[in-house]
Amino acid sequence: MLMPKLTPYLLAAPLIAFIAVFTYLPIISSVDLSFRSWNFMSPEKPFVGFDNYARLFASDDFWHSLSVTAVFAAISVPLRLALALAIASYLKREIFSSRILRGALFLPTITSTVSIAVVFSWVFSTDYGLANAALTGLGLGKVPWLQDPQIALLVLILINTWKQLGYDVIIYIAGLQAVPQELYDAASMDGGRRWQVFRRVTVPLIMPTTYFLLVISVIEAFQVFTIINVMTRGGPAGATDMLVHLLYRTGFVLFDIGTGSALAVILFVLLIGLALVKSRVLGAKVHYEA
Amino acid sequence: MSRKLHVLIAASVLALAVSASAAQAQTTVTFWHSFNNKSGEALEEIIGKYEAANPEVDVQAEYVGNYNDIVARLQAAIPANRAPDAVILEVTRYGLFADGGVLADLTPYFDADPLKDELYDYARQIGVIGDKNYIVPFNSSTPVLYYNKDIFARAGIEGEPDLSTFEQIADAAQTVSDALASEGITGIAAPGQFARWGLVMANGSDLIDATTGEILLDDPKTIEAYEWMASLVHDRQLASADGVTEEDNGRDAFLAGKVGIMMNSTGNYVGARDALGEDLGVLPMPCNDGCAVPIGGAGIGILANSPQEAQDAAYDFVSYAASAEANAIWFAATGYLPINRNSAEQPVAAEALASQPGIDVAINSLPNAHGRARTPVVTWMRTNEYDMWQAMALGQRPVEETLIQFAEETRAEEARTSN
């Protein structure tokens, strides 16, 4: 009698235990460490209250990193979504060339980020890179791709967009293919032009997909690390020092685990806050049925 | 037949028992290091010789990455109780681990070891903080000035150049740049952090005083040296900015024959020799305002939490690695400085000195060589110096303002962490 009731819990227990050990416990541990002073080595972790948070909020580095991250997200997310929707609109048809192109677009998504970053480091080397070789071949001047603060951030945004675009396109294609053909037929019979049909029919009906991609891409933008660590290490002069890279530098290079954990907690709260704002602002406009 | 079978079984069991007990008697020493390619092969040779002479010790060496990677991995391994028994640590950054009680105090071992009297004074001092010995030197280096003889000749600079002042170096780099820029050749590689520290010392100053711990980042002589270094990149455009944002780019371009001058560790000697052959020229670092070069490289520390047996075996290995025999192999294969007074007498070292011109430049610099500060704030200072250097070299911030602010921040960090 008891077993049928317990069965679902027993079946779910391994996964719950896994998530508890590898997700919730580290989160709780991070929150605890954010109120302590620790350098990984000392057996003692003295409680310091909000000192770590106070030092972060008083630090220029933190605000600078936050603004760099915000700029990255503000440019990268709309760019990704707009490009992905445009490309998906062309590749949604089930024809041979579309399938090939989808595969080609998806390839960077499953390629090692470190490999991509290393290759692009060579491409964007100012004096020895392919990009400037092409420009000088055309009679143009060299561009300091990774030495100019503004350009370096744009380069990182473009590379990240290129890498993630394939995933967004595939998700959008699935969303577009789910829109019933009869709605397009009806709109067409009513005399709707292509742009009007796109705006009035397609966009509202793929809102759930857009909302999902928006949430995912904002989180991803706030967590970018590998490309930065390999290509610029936060440079030039801190111009691409985003929040997760600052967190890594604080915790794992400078041994300040307390402040690094405080930064992780702030990032966590920030992402939860952004998700709530998105839910409030956009959630009402999302319709899950045609 | 039956008796023979019994004898055979008994002998097999005995042999198995003996080999099992021998295997149990073997002490394993896990050792993290940062050497691959040629230097990795030389280290393997040293370990092989040690194990052949000490079959009761099994040294399990693991390449972990560069000095920064080792520090990052070590700090994650310590709370997880997965740290090695012995580890290579860069000479300015082991203070943090010594201060935190992570490294074993090797003073009792070292005082009882004849090795102590064999080491050069500079090498012996590297491992000492206060009155305790925390690391035994292994790969010691100073920066030297490398130049490409072929590039110099094509630029019209004949014979061995005199590059003993900042302006002489800048003039030579300018000559190379003027003559060969059309071939994609630049005059000089932007100095990496080790060379920057060396150039500050060559200008009569330091970043942090090794003896008193005084922060000298805003000393006028330090500022002057940085102004000159930054001018190579930004004002005179003699060095590629690629080497500012990624320091290895400067070295790689020099090894590819695309740069006239590079200031870098003597540990790059063999790699540069392999890349450039007879075109490689080696000179001492400049003496712009007095002659002084920093000691770099790393030593081997032993983890205080390792079992006593592993610590004993680890020290025995570490002591061998610094012996004349092992150090001669290391010196000849890499170009790192000899640390043992008797290394040069070893045939392999004597042959290297005779057949590899320029390998002795760093050795001749030893009278001017000084250890660098290794207080805990050095790690913070070195980590943040990269950003400061980039801002100055790329012309984003004035040198003097940047260094004055950086000095204040370093003092504040030192005060915070010492409380």
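This is a predicted model: local features need pLDDT of at least 70, side-chain atom pairs count only at pLDDT 80 or more; totals for chains, interfaces and linings use all residues.
**Chain A**

Read along its sequence, chain A follows the pattern α-α-α-α-α-α-α-α-α-α-α-α-α, and its secondary structure comes to 13 helices and 0 strands. Among the contacts of chain A with a separation of 6 or more, 69% are between residues 24 or more positions apart.

**Chain B**

The secondary structure of chain B, by contrast, comes to 20 helices and 13 strands. The radius of gyration of chain B is 24 Å, close to the 22 Å that the globule rule gives for 419 residues, so chain B is as compact as a globular protein of that length. Among contacts in chain B between residues at least 6 apart in sequence, 75% join residues at least 24 apart.

The table sets out like items for the two chains.

| Chain | Box along the principal axes | Buried residues |
|---|---|---|
| Chain B | roughly 90 × 55 × 35 Å | 51% of the 419 residues |

**The nonpolar cores**

The largest nonpolar core has 176 residues, and those with the most contacts inside this core are B:Ile261, B:Phe317 and B:Val318. Helix 19 of chain B, which runs over residues 377–393, gives the most to this core, with 10 residues. A second, separate core of 10 residues includes A:Leu85, A:Leu91, A:Val169 and A:Tyr172.

Which residues does B:Ile261 touch, leaving aside those up to four places away in sequence? They are B:Leu145, B:Tyr147, B:Ile169, B:Ala172, B:Ala173, B:Gly187, B:Ile188 and B:Ala189.

**Helix 9 of chain B**

Three of these partners, B:Ile169, B:Ala172 and B:Ala173, are also among the buried residues of helix 9 of chain B, together with B:Phe166 and B:Val176. Helix 9 itself, at residues 166–180, has 15 residues and reaches 21 Å from its first C-alpha to its last, close to the 21 Å expected at 1.5 Å a residue.

**Where the chains meet**

The contact between the chains takes 21 residues from chain A and 24 residues from chain B. By class, the side of chain A that touches chain B has 11 nonpolar, 8 polar and 2 charged residues.

Helix 3 of chain B, at residues 67–77, has B:Ile70, B:Val71, B:Leu74 and B:Gln75 as its buried residues. They cover an arc of only 125° around the axis, which puts them on the same side of helix 3 of chain B. What covers them includes an element of the other chain, helix 12 (243–253) of chain A, together with strand 1 (27–33) and strand 3 (86–90) of chain B.

The C-alpha atoms of B:Asp111 and B:Asn133, which are 22 residues apart along the chain, are separated by 9.3 Å.

Note on methods: Residues are numbered from 1 along each chain as its sequence is written. Chains are lettered from A and ligands numbered from 1 in the order in which they are written. Helices (H or I, at least four residues) and strands (E, at least two) are DSSP runs, numbered from the N terminus. The expected span of a helix is 1.5 Å times one less than its number of residues. A residue is buried if 20 or more other C-beta atoms lie within 10 Å of its own, exposed if 12 or fewer, and partly exposed in between; C-beta atoms are placed from the backbone. Two residues are in contact if their C-beta atoms, placed from the backbone, lie within 7 Å. Ala, Val, Leu, Ile, Met, Phe, Trp, Tyr, Cys and Pro count as nonpolar, Asp, Glu, Lys and Arg as charged, and the others, Gly among them, as polar. The radius of gyration is taken over C-alpha atoms; the globule rule is 2.2 Å times the number of residues to the power 0.38. A nonpolar core is a set of buried Ala, Val, Leu, Ile, Met, Phe, Trp, Tyr and Cys residues joined through C-beta atoms within 7 Å. The arc is that of the directions from the helix axis to the C-beta atoms.
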